[in-house]
Amino acid sequence: MPRFYLTTPIYYVNDIPHLGHAYTMVNADAISRWHRLLGDDVLFLTGTDEHGLKVARAAEQNGMTPQEWTDRTSRRFVEAWEQLEMSNDRFIRTTDPRHHSAVAELLSRIHDNGYIHLDSYRGPYCVGCEAYYGPDELVDGCCPVHGVPVDEVEEENYFFALSRFGDRLLEWYETNPNAVMPESKRNEAIGFIRGGLKDISITRTSIDWGVKVPWDPAHVFYVWYDALVNYVTAIGFGSDDSNFAHWWPAVHHLIGKDILRFHCVWWPAMCMAAGIDPPKSIFVHGWLLVGGEKMAKSKLNQVHPAELVSEIGVDALRYHLLRDTPLGPDGDFSYEGMIARYNSDLANNLGNLASRVAAVVAGKCGGIGPAPRRESRLALEAEVACDAAQRAWESFAPHEALEATWKLLRETNAELETSEPWKKEPGAEVNGVLGDALEVLRIVGLLASPAMPSTCTELWRRIGLRASPLDARFPRDAAWGGYPGGLVVERGSPLFPRKQAASSQG
Ligand code: MSP
């Protein structure tokens with residue numbers, strides 16, 4: 001059985017979940033669900049990143065200990081992901097003692113292998129990024145990501161000999177053309193490596209909220225050095241060798257573009273230094289912008305998923321995020337765009353087809369759904385949709401997978417418009433048209449289930465199927481002719497009632 005291990009970044013608990021985080025999560029969740037449909041052995045991991053100066057400061061500002069603060073904020077992420085119906089198999093917290101042990105083990109191996117030394121560091125540090133910058137990387141003296149003034153820090157720290165990994169990293173990129181995708185991001189990482197790598201500071205003495213350095217407990221690891229290790233902690237690195245060997249290195253990391261350097265340069269080098277394989281692939285996506293800007297607490301432009309869920313529902317939000325912002329480039333969130341997509345694709349195409357078919361089945365077939373025809377134009381369209389959706393889901397392009405699936409819905413609505421079964425006498429022709437439409441609804445329920453698990457489960461139930469699309473297998477259960485006919489088709493309330501285009505958010 002093929003293995004599919006997918007990770008998201010682990011989220012800082014200085015903040016609460018916003019739509020930018022939800023964007024990564026919904027994509028990761030839908031892709032994991034697709035692989036479960038294929039019957040793969042899937043592990044989907046997410047979690048929270050709980051150490052570092054940023055979190056320690058947030059705790060202090062809120063009058064709590066860091067542990068109290070992280071317990072409380074980490075729970076907000078767990079709850080947000082439950083609300084969005086995430087199917088993550090594990091949720092890792094970096095304050096978990098097992099994570100501390102794994103970090104100590106991995107970093108000790110790097111130390112024992114001779115890649116860590118003591119030195120002193122002086123230079124700019126952005127707490128927002130939890131990252132050191134070279135003076136030349138600042139923009140008008142400010143952080144290039146947050147646009148705020150940076151701290152000037154001077155410390156005696158342990159350093160990781162990143163400079164010794166340039167050639168090995170370039171060789172890794174050369175022999176693994178899909179290690180970093182898309183191409184533009186791969187080139188960015190290669191360009192950074194070619195520009196020359198400097199050794200990096202990996203510990204700090206000025207704070208104690210972190211994982212203690214096992215060979216020198218006056219130091220804690222710099223938060224990124226501890227955070228990256230979560231990907232192997234969660235699969236038993238240093239404690240459960242067979243589980244670790246089962247999942248590593250067949251991992252796919254899904255990350256945002258702001259953390260490319262950590263994942264595409266540092267992390268593979270850390271793996272090499274510790275004597276484990278680098279990850280199999282890293283997919284770098286862009287940002288979901290609001291009014292052209294990245295969502296950030298400091299900019300007060302955050303959109304919170306729960307507000308949108310109460311407006312349009314979980315599945316509609318998931319669909320919008322997947323359909324309208326392809327993984328790769330930046331995308332702009334707009335309330336109006338979300339409502340327009342809801343009305344066109346969900347209320348009109350999917351919702352309309354489902355209620356129309358149920359109404360005509362009630363009127364012409366006594367509420368019992370007929371079987372599809374063995375040969376029909378829609379059978380060919382369904383095959384095209386399945387092929388295109390499969391290719392798209394597998395190449396991290398949910399928007400294309402959904403477009404292919406919705407094309408099938410549009411074709412089916414058009415077919416009904418042409419044949420107008422509601423105007424005809426009951427009989428073979430009407431049965432054939434309705435049976436085909438029911439079969440399309442069944443297949444769409446399967447193809448769209450990674451995006452909209454609850455809606456698709458409900459859709460299958462309404463057309464009389466006992467099974468859930470979440471237990472189906474692709475391609476086996478997507479073959480034309482699976483709808484048996486003779487099932488009771490329910491006329492329920494509209495799956496997606498139309499929304500007013502005017503924004504209630506002003
Ligand atoms: N804790 C680190 C990641 C450590 S992974 C070993 C971190 N956390 S974060 O909470 O700041 O960001 C987590 C992820 O959310 C990043 O991939 C970041 O790109 C993503 N996003 C944050 N805002 C975003 C948008 N507005 N749009 C899309 N993704 C965004 O970095």
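Mentor: Let's start with a pair of charges: Lys257 forms a salt bridge with Asp330, and their closest N and O atoms are 3.0 Å apart. The two partners are 73 residues apart, so to speak from distant parts of the chain: Lys257 sits in the loop between strand 12 (251-256) and helix 10 (260-274), and Asp330 in the loop between helix 12 (314-324) and strand 16 (331-333). Lys257 has 27% relative accessibility, so it counts as partly exposed, and Asp330, at 37%, counts as partly exposed too. Keep in mind that this is a predicted model.

That bridge belongs to a total of 31 salt bridges. Another one to look at is Arg93 with Glu50, where the closest N and O atoms are 2.7 Å apart. This pair also links distant parts of the chain, 43 residues apart, with Arg93 in strand 4 (residues 90-93) and Glu50 in the loop between strand 3 (41-49) and helix 2 (53-61). Arg93 has 23% relative accessibility and therefore counts as partly exposed. Glu50 is at 0%, and because buried means under 20%, Glu50 counts as buried.

Arg377 forms a salt bridge with Glu381, with 3.1 Å between the closest N and O atoms. Both residues lie in helix 14, 4 residues apart, which is about one turn of the helix. In general, an α-helix has 3.6 residues a turn, so residues three or four places apart point the same way. At 40% relative accessibility Arg377 counts as partly exposed, while Glu381, at 17%, counts as buried. Salt bridges with shared partners join Arg377, Glu381, Lys407, Glu411 and Glu415 into one network.

How do the two helices sit against each other? Helix 14 (residues 377-394) packs on helix 15 at an angle of about 170°, and the axes are 7 Å apart. Since angles over 145 degrees count as roughly antiparallel, helix 14 and helix 15 are roughly antiparallel to each other. On the helix 14 side, the contact includes Arg377, Leu378, Glu381 and Trp393, along with alanines such as Ala382 and Ala385. On the helix 15 side, the residues they meet include Pro398, Leu402, Thr405, Lys407, Leu408, Glu411 and Glu415. The residues of this contact divide into 12 nonpolar, 2 polar and 6 charged.

Helix 15 also passes a simple length check. With 22 residues (398-419) at 1.5 Å a residue, helix 15 should span 32 Å, and its end C-alpha atoms are 32 Å apart, so the two agree. Just after helix 15, Glu420 takes a positive phi of about 40°.

That phi brings us to some backbone details elsewhere. As a rule, most residues other than glycine have a negative phi, and most peptide bonds are trans. Glu85 is not a glycine, yet has a positive phi of about 60°; Glu85 is found in the loop between helix 3 (66-83) and strand 4. Glu130 likewise has a positive phi, of about 50°, and is found in the loop between strand 5 (116-126) and strand 6 (131-132). At 1% relative accessibility, Glu130 counts as buried. As for peptide bonds, the one from Trp248 to Pro249 is cis, with omega near 5°, and Pro249 is in the loop between helix 9 (241-247) and strand 12.

Conventions
Residues numbered from 1 in each chain as written. Predicted model: local features only at pLDDT ≥ 70, side-chain atom pairs only at ≥ 80, totals over all residues. Heavy atoms only, no water. Expected span 1.5 Å × (residues − 1). Axes fitted to C-alpha atoms, helices over the stretch in contact; angles between N-to-C directions. Parallel < 35°, antiparallel > 145°, perpendicular 65-115°, else oblique. Contact = heavy atoms within 4.5 Å. Nonpolar A, V, L, I, M, F, W, Y, C, P; charged D, E, K, R; others polar. Salt bridge = Lys/Arg side-chain N within 4 Å of Asp/Glu carboxyl O. Buried < 20%, exposed > 50% of the residue type's maximum accessible area, 1.4 Å probe, protein only.
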